Amino acid sequence: MPEARLAIALLVLRLTLGVFFLQWGIEKFVVPATTLAIFRNFYGIDFGSWVPPILGVAQVLIAVALLLGFQPRLTYGIVLLLHGVTVIVSIPRILSPWNPVSNHFFIAGVPILAAFFALYLLRDWDRYRIGGAGKVSPAA
């Protein structure tokens, strides 16, 4: 019974994280200027207006793979890495949430990062995904 509850919890976690990641991919089509501003302000990269849709396609594809649970070692690892970079570049705003150029919502990225980390670590118990779960022994 505990394994069944764990599998359901991982399904809920994966689906909600997938929707979270998907909305950021869709944003690159709907409001490309936001993507350009984020890359300029947080990463110091100035892209042309042709880049957000390309990034959006990649992010939507990764989000769909995450939603389906496709190739979890790779997919869950990619989203963990991408969100980890986002949290790292946000550290100054996380540490100063009431600064006039910041806001306290940046801290929300930290528990989301923890959720991506937990999903990655527990990927072999994620039974309700494309291809089912990996081989997990009862003692694992």
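By class, the residues lining the largest pocket comprise 19 nonpolar, 7 polar and 2 charged residues, where Ala, Val, Leu, Ile, Met, Phe, Trp, Tyr, Cys and Pro count as nonpolar, Asp, Glu, Lys and Arg as charged, and the others, Gly among them, as polar. The model is predicted: local features need pLDDT of at least 70 and side-chain atom pairs count only at pLDDT 80 or more, whereas totals for chains, interfaces and linings use all residues. Residues are numbered from 1 along each chain as its sequence is written, and side-chain values use heavy atoms, with hydrogens and water left out.

The volume of the largest pocket is about 910 Å³. Of its 28 lining residues, Trp 24, Lys 28, Ile 38, Tyr 43 and Thr 86 are the closest to the centre. Two or more lining residues are given by each of H1, H2, H3, helix H4 (72–95) and helix H5 (109–121). The largest share, 8 residues, comes from H4. A pocket is here an open set of points, on a 1 Å grid over the protein atoms alone, where a 1.4 Å probe fits, with protein on both sides within 12 Å along at least five of seven lines; lining residues have an atom within 4 Å of a point. Grid points are joined across faces, edges and corners, and the volume is the space filled by probe spheres set on the points.

The protein chain has 5 helices and 0 strands, and its elements run α-α-α-α-α from the N terminus on. These are DSSP runs numbered from the N terminus (helices: H or I, at least four residues; strands: E, at least two). The C-alpha trace spans about 50 × 35 × 20 Å along its principal axes. Of the 140 residues in the chain, 29% are buried (buried, under 20% relative accessible area; exposed, over 50%; partly exposed, in between; 1.4 Å probe, protein chains only). Among contacts (heavy atoms within 4.5 Å) with a separation of 6 or more, 65% are between residues 24 or more positions apart.

Helix H2 (residues 32–43) has 12 residues and should span 16 Å at 1.5 Å a residue, in agreement with the 16 Å between its end C-alpha atoms; the expected span is 1.5 Å times one less than the number of residues. Within H2, Thr 35, Leu 36 and Phe 39 are buried. The buried residues of H2 fall within an arc of 100° seen down the helix axis, so they line one face of the helix; the arc is that of the directions from the axis to the C-beta atoms. The cover over these buried residues includes helix H1 (2–30) and helix H3 (51–68). Ala 33 and Asn 41 are exposed, on the face of H2 turned away from its buried side. Just after H2, Gly 44 takes a positive phi of about 70°.

Gln 71 lies in the loop between H3 and H4. Although not a glycine, Gln 71 has a positive phi of about 45°. Most residues other than glycine have a negative phi. With 47% relative accessibility, Gln 71 counts as partly exposed.

Ile 78, in helix H4, is partly exposed, with a relative accessible area of 28%. The C-alpha atoms of Ile 78 and Leu 66 are separated by 9.6 Å, the two residues being 12 residues apart along the chain. His 83, also placed in helix H4, is buried at a relative accessible area of 8%. Leaving aside neighbours within four places in sequence, His 83 is in contact with Phe 20, Gly 109, Ile 112, Leu 113 and Phe 116.
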